[in-house]
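Hello,

Here is the structure for your files. My notes on what was found in it follow below.

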Amino acid sequence: MGDNKMTNLQLQIIDLLQADITVDKLMEKLQLTPSQLLYQLNFIKRQGYQIMRTFYENGSQRWRLSNNVNDIPTSNEVEIKGLNGVFHFLAFSDTHVGHKNQKLEWLPLLVNYGKENGIHTIIHAGDLYEGFYHDRAHLNQTAEQQVMTFLKAYPYEPGINTFLVAGNHDENLLRNHYINIVGRLENSRIDLRVLGYQEGFLRIGNSRLKIKHQAHAGTPDDRALDKIILQGHSHQCTICQKQNALLLKVPTLSEVTSGENRDYNIHTGALDVKVKLDNTKKVDSVEIQQLSVQEKLTPINKIKIKVE
């Protein structure tokens, strides 16, 4: 029982959370680093307190205590609040941390690009980790080492939130090594939010951005809501209209060859995507720049597409 006794600091955090406070203000008031704050919040949650997180387009987060049963998450959807007609984000995929062709040094380039261009949201479309497949050239790392390698290599930048879905290689860590990256990452970093396995959703105004790893996985597309679909897994970068939605296949930020495309050149890099909403807060158009990895991430193509 003694181990579960609340400290004065934890009681102070609970009082502040009842007022619906930003994470930055919480750290400032308590003089805590992000990792120190998260340690205290994880303890408080283990005592049964329900802490809700709200994400804003400008990268801020508001955290609050909730006593409403309807606030308990029942889906893998997060709403982005504070939109002013535009949602700007970066997308990358298939980093395969733990593979011999991982490119950890590219991760800071992505975060720096976001910081320099005022982009507050980054999306990862799955296969964050390599996992363990007998026919793959993975590094001599344990599952825990793979997890920690990403957490150390991916920079924390205040004002940037990263949303992820877990791919088939990430599922491998759960099936064979009992590591659920959903809880593992969120309990380690306040800037990471794992939406779920294989798919997740960001609600933007009255439309929805669907993030999926494999084409055949997850739920059927909702034609009324899912106006933009980000898809990983192929290690290719292609853009096409799919019925009344825009399908963006997200390139790999590694030099790992996809099992589905061993005979094709992989596309490395990321996407810079700017979504414009109409006056009904539905997706109107999408501006996409493909980013190539050089000494830094460099735009190489730019297109604008009207979404019907």
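N244 sits in the loop between β12 (238–242) and β13 (245–249); helices (H or I, at least four residues) and strands (E, at least two) are DSSP runs, numbered from the N terminus. N244 is partly exposed, at a relative accessible area of 25%, where buried means under 20%, exposed over 50% and partly exposed in between (1.4 Å probe, protein chains only). From N244 to L174 the separation is 70 residues in sequence and 35 Å in space, C-alpha to C-alpha.

This is a predicted model, in which local features need pLDDT of at least 70, side-chain atom pairs count only at pLDDT 80 or more, and totals for chains, interfaces and linings use all residues. Residues are numbered from 1 along each chain as its sequence is written, and side-chain values use heavy atoms, with hydrogens and water left out.

S292 belongs to strand β15 (residues 283–293) and is buried, with a relative accessible area of 18%. Beyond its neighbours within four places in sequence, S292 is in contact (heavy atoms within 4.5 Å) with L297, T298 and I300.

A nonpolar core is a set of buried Ala, Val, Leu, Ile, Met, Phe, Trp, Tyr and Cys residues joined through side-chain atoms within 4.5 Å. The largest one has 34 residues, of which Y129 and F150 touch the most other members. Elements that each supply at least two residues of this core include α5 (143–153), β8 (192–197) and β15. Leaving out neighbours within four places in sequence, F150 is in contact with V97, L107, L128, Y129 and L192. A second, separate core has 30 residues, among them V165, C237, L246 and I305.

Regards
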